[in-house]
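Please look over the sequence and the model before reading on.

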Amino acid sequence: QVQLVESGGGLVQPGGSLRLSCAASGSIFRIYAMGWYRQAPGQQRELVARMISSGTTNYANSVKGRFTISTDNAKNTVYLQMNSLKPEDTAVYYCNADVQDSNYRGAWWGQGTQVTVSS
């Protein structure tokens, strides 16, 4: 089993910044990729940013230049630095990890953290 625990969401004014964190724990053998998705009310969950184990990243066009994904491999943690936030960034943000544990390789999800951008 793998657990992903997110933190760092909250309410911020337009133009502000937030930093999300997600720590993976459990019987982890190898992490192939970690990333962030978001889901706004009435919309489908979408990729925000993702980093694979080689360090290659990809971002949604809507966040390029504003958001930065990074990882601390020693801590099995992924971060999302969000700058110049806009009201349209408001959503529940979910951490995702492609993990090999002792028996299984698959996608694991965190519980989600709310980000609200509003004045």
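How much space lies in the largest pocket? About 180 Å³ lies there, a volume being the space filled by probe spheres set on grid points that are joined across faces, edges and corners. The model is predicted: local features need pLDDT of at least 70 and side-chain atom pairs count only at pLDDT 80 or more, while totals for chains, interfaces and linings use all residues. Residues are numbered from 1 along each chain as its sequence is written, and side-chain values use heavy atoms, with hydrogens and water left out.

**The largest pocket**

- A pocket is defined on a 1 Å grid over the protein atoms alone, as an open set of points where a 1.4 Å probe fits, with protein on both sides within 12 Å along at least five of seven lines; lining residues have an atom within 4 Å of a point.
- The lining of the largest pocket has 13 residues, and the closest to the pocket centre are I31, I52, S53, T71 and N73.
- Strands β4, β5 and β7 each supply at least two residues of this lining; strands are DSSP runs (E, at least two residues), numbered from the N terminus.
- The most comes from β4, which gives four residues to the lining.

**The open sheet**

- An open sheet is formed by four strands in the order β1-β3-β8-β7, with antiparallel pairing; two strands pair if DSSP finds at least two bridges between them.
- At the edges stand β1 (2–7) and β7 (67–72), each of which pairs on one side only.
- From one strand to the next, the twist averages 15°, with axes fitted as lines to C-alpha atoms and angles running from 0 to 180 degrees between N-to-C directions.
- Six antiparallel bridges pair strand β3 (residues 18–26) with strand β8 (residues 77–82).
- A23 has T77 in β8 as its bridge partner.
- Strands of a sheet pair through backbone hydrogen bonds, either parallel or antiparallel.

**The β9–β10 hairpin**

- Strand β9 and strand β10 (residues 105–109) run antiparallel and are joined by five bridges.
- The hairpin between β9 and β10 passes through three residues.
- W109 in β10 is the bridge partner of N96.

**The disulfide**

- The structure holds one disulfide, which is a pair of cysteine sulfur atoms within 2.5 Å.
- This disulfide joins C22 to C95, with an S to S distance of 2.1 Å.
- Distant parts of the chain are linked in this way, as C22 lies in strand β3 and C95 in strand β9 (residues 91–101), 73 residues apart.
- The torsion about the S-S bond of C22 and C95 is about -80°, and therefore the disulfide is left-handed.
- C22 counts as buried because its relative accessibility is 0%; buried means under 20% relative accessible area (1.4 Å probe, protein chains only).
- C95 is also buried, with a relative accessible area of 0%.

**The nonpolar core**

- A nonpolar core is a set of buried Ala, Val, Leu, Ile, Met, Phe, Trp, Tyr and Cys residues joined through side-chain atoms within 4.5 Å.
- The largest such core has 30 residues, and W36, L80, M82 and Y93 have the most contacts inside it.
- At least two residues of this core come from each of β1, β3, β4 (28–39), β5 (46–52), β7, β8, β9 and β11 (113–117).
- The largest share, five residues, is supplied by β9.
- W36 is placed in strand β4, and W36 counts as buried because its relative accessibility is 0%.
- The C-alpha atoms of W36 and T77 are separated by 12 Å, and these residues are 41 residues apart along the chain.

Key
Buried < 20%, exposed > 50% of the residue type's maximum accessible area, 1.4 Å probe, protein only.
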